[in-house]
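Me: I have a structure open and would like to go through it with you piece by piece. Could you keep the answers in plain sentences?

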Amino acid sequence: MLPPRAWYAASDAARLSLHGTWRFRLAPTAGAEGDAFARPDFDDATWQELRVPGTWVLKGFGTPWYTNTAYPFPVDPPRVPDENPTGDHRHVFDLPDDWGEGPAVLHFGGVESCARVWLNGQELGHFKGSRLPHEFEVGTLLRPRRNVLAVRVHQWSSGSYLEDQDQWWLPGIFRNVSLHRRPEGSVADHFVHAGFDHLTGEGTLRVECSPAGRVTVPELGLDLATGESATVPVRPWTAEQPYLYDGQLVTAGETVPLRIGFRTVRVEDGLLKVNGRRILLRGVNRHEFHPQSGRTVDPDTMRRDLLLMKRRNVNAVRTSHYPPHPAFLDLCDELGLWVVDECDLETHGFAQQGWRDNPVDDARWEPALLDRARRMVERDKNHPGVVLWSLGNECGTGRGLSAMASWIRDRDPSRPLHYEGDRSCADTDVYSRMYADHAEVERIGRRAEEPLADPELDARRRGLPFVLCEYAHAMGNGPGGLGEYQRLFETYERCQGGFVWEWIDHGIRRRTAEGEVFHAYGGDFGEELHDGNFVCDGLVFPDRVPSPGLGEFKKVVEPVRIEGGTGDGPGAVRITNLYDFADLGHLDFRWRYEVEGEVRGHGRLAVPALAPGEAAVVKLPPAPAGAVRAGEAIWTVRALLAEDTAWAPAGHEIAWGQLTAVPRPAPAPPVATATPRRGEGNVVVLGPGTFDATTGALGYLDGVQVGGPRLDVWRAPTDNDEAAPWQPEPRPATEWRRLGLHRMRHRVESVEPGPGALVVRTRVAPAGSPLALHAVYRWTARRDWLRLELGVDPEGAWPVPLPRLGVRMSVSGSLGFAEWYGGGPGEGYPDTRAAARIGRWSMPVDALQTPYVRPQENGARPGVRWAQLTRTDGSGLRIEGDPDFFFSARRWTDEELTAAAHTTDLRAGEELWLHLDHAQHGIGSQSCGPGVLPQHRLEVAPARFSFVFSSLR
Ligand code: IPT
């Protein structure tokens, strides 16, 4: 086995990819089959076929297994169970005719979790360290024809104890296998040092290489020996402006293309700085995941992910929790992302035994830890995008980590160190926390956090910059509270942003017996121990369709702030450049003037090319003439890319803001003229409405059947409402169920047709509880509309906030198309509505649904002034709210939504269920982080709100 070295994607030395269809056999235990299969003449005719790279458990052999922190085997380090699925692989290959003789390297990019390798019958060795490269010198064993590569992969090994990341266990050869010719004098290893001095504007290049050679960078006119350094004026590399210089490293035996980015990373003045400036991390945690191929992610998917990130204002990635496929880092260099490269190390399961026997604090494991650190740093050291090394995730503390840290510092002093699990920060250069709530982040921002017991360490930590390596747990609907975090990052320079947990839902694509596609999660494969849908907590769905959380993130972290109402006068916007390096010269600003969502004028807005951190007040043009009367008027100002970039075309929207020009006129209380009268049968008729005389329920509107509306406070709990079991009480959904909010009973106290109004009084309460909500429905009408004014008064001391407060009603399923004026186009809740802009939106009811992998409350549009539901012929129902409301419509009830475990459990019924909510409880992030902030909680209190219903013909 060869020592680790820098990876590069290509050179002029020949390479042979060994991808393809291999022969495969799965055994249930490690020792079941002898080693005979490694012999070249072994007959594998009865074996199956398997695509390499890949994981066998997603190809019909065995099953995937999901656990968060628990080891899926007895904790008995370093031993593993007898039941140790073992995949034997065989691959026969010829060398290309022009391959030649001499040294060659057999490269494995990643094998989970332990491999034994034979070539042409000769055992090469074995290795562990799943998401790290391993290489063997094989030149003397190769022959021109019929080389037989045999690889035995064990699912479990001592290495598994170091790989307890929260994800599916997916054994197999999941990354590249290739053969590299190593001509005499080819590059054994090289290290590119390319710093940038922001004071002089000069870059200094020095490339270490063994063997020695020359380095050229034509654009800089550089031609120097390896080991020598040159200092010249350069354009620096940053995530915002990722300038790379093409160069070449030439040794006697090989020419290697270089892509050089000049930048200097430092912790100084208590801040993490690149090229002399504080950076703000707008990051995501990225696991390698694909719903069909697991951790084997093809280059196209990687690129599409990165384009999506860049287009959503993401500027940083933490490679949680292992070094990614190296091609991913090449793309980060090219497209511009700050990368925290994390070592393949997590021993989280030991937390369950108070960290007793933790491998990272046991000298016997130290060589394995150092091996992992070395393999990461050596492989990835030449990437300008990598700005921090991370020792691993959730390992507790221990001397093994210190040993890794000191090895890394020695080998690469140019990058600061990250590790979250040791609160003392003894081995790190940044103070990192996960899921700290807003209040704690604020204390840290003021450098006023709880002291450490050791004053020296405390003083040191208090001087460090702060990042949230994980926050805003994006599980299901949410995360809420992003905006409040961002304000803290912008207020306190020490708080340099963070990484949302996480990029993608790890749902595995499956089909029901009827052939419908759904995404499976923990427990769906019969695992005896698992953590359910905790594996689905990303900003994009498993199929990489963005979830609303990503839209919210994009808005909240936008690098340009466009605000009205800041005291700059009504006809002006304040524009703030929140980039760290770029001025605003690359953006075009456009304004638009809308009345009730109809565009009345638009144009360009001249905005100065503000430098980072600068702000300016920019006057808007006069409001378009003739547009003053007709209702609410809103300015929208948008910042668009002026020119194509590597990651988005010109015209791509970076940021936007809205400000009110003319506020929504308070809807004049409509003048009711109708009087309730008894109709035929047991009904009361009021204007276009027909009510049940006993229950007071509206049954028909203009002769069309409807159900309700009636008070409703339940919502299908979100993952954040459910909250993780280890979260402190109260966990909202638990409390709601305990109170019985999902089984409220409505007792009609009176139905009183009176002069000009029908008044229905009810008491709404769950069995077993004295708590109640008194709901008084006051119906008034004219010939062509019906108005409901609902008054809600609580009785008793309610200990928890309500999920929602509004009415639910049913209408015919034929009203399948929705149009509304209010927040949209996506969903939004009290603490997730930054991305909802006021406008006129329309879409089929089916498109209003957000397909969270585990079904839950979704799809509410906030700030809705009016909504219409129509049939294909345009007839339908119109609802106006005073004040504005949250609007949802779906083809199933909330009870069905609550009961569903997978998207395919939801079956469209005959009716549409509408929710017109005066208020919703916030979303928060309690599935792993803090709950809903006080200002977004729906506390129980008296409320009054109204809706006007009319039919469209
Ligand atoms: C934290 C882990 O680092 C991450 O891998 C993931 O499990 C995340 O939580 C939750 O989805 S650890 C958590 C117990 C705080």
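Me: Let's begin with a loop: between which strands is the place of S113?

Reply: S113 sits in the loop between β7 (111-112) and β8 (114-119). Please keep in mind throughout that this is a predicted model. The peptide bond that leads from E112 to S113 is cis, with omega near -5°.

Me: And P211, where is that found?

Reply: P211 belongs to the loop between β16 (202-210) and β17 (214-217), and the bond that joins S210 to P211 is a cis peptide bond, for which omega is about 0°.

Me: What is phi of D269 near, and which loop is D269 in?

Reply: Phi of D269 is near 55°, which is a positive value in a residue other than glycine, and D269 lies in the loop between β22 (265-268) and β23 (271-274).

Me: Why does D269 count as exposed?

Reply: D269 counts as exposed because its relative accessibility is 61%, and the cut-off for that class is over 50%.

Me: What about W355, what is its phi?

Reply: W355 has a positive phi of about 70° although it is not a glycine, and its loop runs between β27 (338-342) and α3 (366-380). With a relative accessibility of 29%, W355 counts as partly exposed.

Me: Switching to the ligand: which residues come nearest?

Reply: There are 15 residues around the ligand, and of these D166, H321, N393, E470 and H473 come nearest. Sorted by class, the shell around the ligand has 6 nonpolar, 5 polar and 4 charged residues.

Me: How far does a polar side-chain atom of H473 lie from an oxygen atom of the ligand?

Reply: For H473 the distance from a polar side-chain atom to an oxygen atom of the ligand is 2.7 Å. A polar side-chain atom of W501 lies 3.0 Å from an oxygen atom of the ligand, while for Y435 the corresponding value is 3.5 Å. As for cover, the ligand has 380 Å² of accessible area on its own, and the protein covers 91% of that.

Me: What is the order of the strands in the open sheet?

Reply: The sheet is made of 8 strands in the order β29-β28-β27-β26-β25-β32-β31-β30, with parallel pairing. Its edge strands are β29 (417-418) and β30 (431-434), each of which pairs on one side only.

Me: Another strand, then: is β40 mostly covered or mostly open?

Reply: Strand β40 (residues 633-641) is mostly covered, in that 8 of its 9 residues are buried. Strand β37 (residues 587-595) pairs with β40 in the antiparallel sense over 9 bridges, and within that pairing D588 stands opposite L640.

Me: Over how many bridges do β40 and β41 pair?

Reply: β40 and strand β41 (residues 653-662) pair over 8 bridges, again in the antiparallel sense, and T636 has Q658 in β41 as its bridge partner.

Me: Finally, how is the protein chain divided into domains?

Reply: The division gives domain 1 (15-181), domain 2 (189-266), domain 3 (276-555), domain 4 (558-662) and domain 5 (677-952). The C-alpha centres of domain 2 and domain 5 are 62 Å apart.

Note on methods
Residues are numbered from 1 along each chain as its sequence is written. This is a predicted model: local features need pLDDT of at least 70, side-chain atom pairs count only at pLDDT 80 or more; totals for chains, interfaces and linings use all residues. Side-chain values use heavy atoms; hydrogens and water are left out. A residue is near a molecule or strand if one of its heavy atoms lies within 4 Å of it. A polar contact is a pair of N or O atoms within 3.5 Å; within protein, one must be able to donate a hydrogen and the other to accept it, and residues adjacent in sequence count only if both atoms are side-chain atoms. Accessible areas come from the Shrake-Rupley method with a 1.4 Å probe; for residues, only the protein chains shown count as cover. Ala, Val, Leu, Ile, Met, Phe, Trp, Tyr, Cys and Pro count as nonpolar, Asp, Glu, Lys and Arg as charged, and the others, Gly among them, as polar. Domain bounds come from an automatic or database domain assignment. Buried means under 20% relative accessible area, exposed over 50%, partly exposed in between (1.4 Å probe, protein chains only). Helices (H or I, at least four residues) and strands (E, at least two) are DSSP runs, numbered from the N terminus. Two strands pair if DSSP finds at least two bridges between them.
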